[in-house]
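Me: I have a model open here. Can we go through its charged pairs and a helix contact?

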Amino acid sequence: MTPNFSDTVIKWSLAIFVVVVFAFLYMPIVHILFASLSSRPNFPYPPEFNMASYVRLSTNTVYQSAFLNSLLLASCTAVLSTVLGFLATVGVLRFGGKRALFYAIFFAAPLFVSEILLGISSMALYYLLFELQGNMLTAIIANTVHCFSFCFLIMAAMLYKYDWRMNEAAIVCGASPLRSFMEVMLPITWPGIMGSLITAFVLSLNGLDVSFYLLGATPTMPSVAWGALRYGVKPELYALSTLINLVVFLLVLGLLISIKLKQKAGRG
């Protein structure tokens with residue numbers, strides 16, 4: 001039975017709407033790419049192919065220092081948030097019992113606190129209570145508090161229907177708890193672990209409010225970009241933003257390819 005005219009119109013209308021929405025979301029990223037390759041970054045149309053901004057970026061110590069600081073901050077935050085989120089999820093779902101909902105709400109509570117309040121309160125806590133000046137360690141801890149809730153929710157969605165009897169069966173068959181985790185639980189849950197790792201990495205890499213109050217004069221990518229707005233964004237910043245977008249895109253693409261390969265291996 002062939003679809004009627006109204007169904008065809010609805011189908012094409014939805015397709016056009018989806019294309020428009022995705023174009024609206026991703027055009028800024030494409031614009032940054034064109035701006036980094038153009039000698040006219042304010043309006044790089046028609047697109048050019050000029051690598052001068054990337055050459056200047058290789059000698060700009062401010063942006064390089066900001067990138068390395070942001071990379072260190074994001075990497076440590078991502079690993080710490082993912083580990084804590086995984087442990088918290090296992091504790092809530094496996095051992096939470098009747099209080100599992102209370103624990104879940106408690107762990108998700110930082111989602112309802114704005115980043116600027118989290119940054120100010122963390123700065124006040126570390127300085128007034130512990131007499132610690134803002135540094136990379138305190139910034140990592142504060143960003144971990146912010147990203148932990150996202151990791152917890154991602155892992156909870158992954159482990160909600162996990163059959164814990166598989167771990168018990170592996171231990172009964174002689175496997176150690178560590179081997180049970182590595183050979184039974186990890187292959188099933190690793191997409192959620194990688195997803196939470198990438199999410200925490202991107203959130204902490206782009207976070208301005210928390211890092212601004214805890215790092216002070218230590219440059220990071222968001223603080224340098226925010227400060228550049230007062231004097232105009234330089235083409236080097238477009239080039240660095242393009243490289244960061246490329247790294248994030250490759251991480252997500254690698255995750256999707258790994259998931260597809262695992263699915264094909266499972267069917268085989």
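**Salt bridges and a helix pair**

Reply: D163 is partly exposed, at 29% relative accessible area; that label covers values between buried (under 20%) and exposed (over 50%), with a 1.4 Å probe and protein chains only. The model is predicted, so local features need pLDDT of at least 70, side-chain atom pairs count only at pLDDT 80 or more, and totals for chains, interfaces and linings use all residues. Residues are numbered from 1 along each chain as its sequence is written, and side-chain values use heavy atoms, without hydrogens and water.

Me: Which side chain meets D163 in a salt bridge?

Reply: R165 does, at 3.0 Å from N to O. A salt bridge here is a side-chain nitrogen of Lys or Arg within 4 Å of a carboxyl oxygen of Asp or Glu. R165 is exposed, at 60%.

Me: How many salt bridges are there?

Reply: Three. One of them joins E168 to R94, with the closest N and O atoms 2.5 Å apart. E168 lies in helix α7 and R94 in helix α3 (residues 61-95), so this pair ties together parts 74 residues apart in sequence. Helices are DSSP runs (H or I, at least four residues), numbered from the N terminus.

Me: New topic. Which residues of α7 meet α8?

Reply: M166, N167, A170 and I171. In α8 they meet P177, S180, V184, M185 and I188. Contact means heavy atoms within 4.5 Å.

Me: And what is the handedness of the crossing of α7 and α8?

Reply: The crossing is right-handed, meaning the near helix is turned clockwise from the far one by less than a right angle.

Notes:
Helix = DSSP H or I, 4+ residues; strand = E, 2+ residues; numbered from the N terminus.
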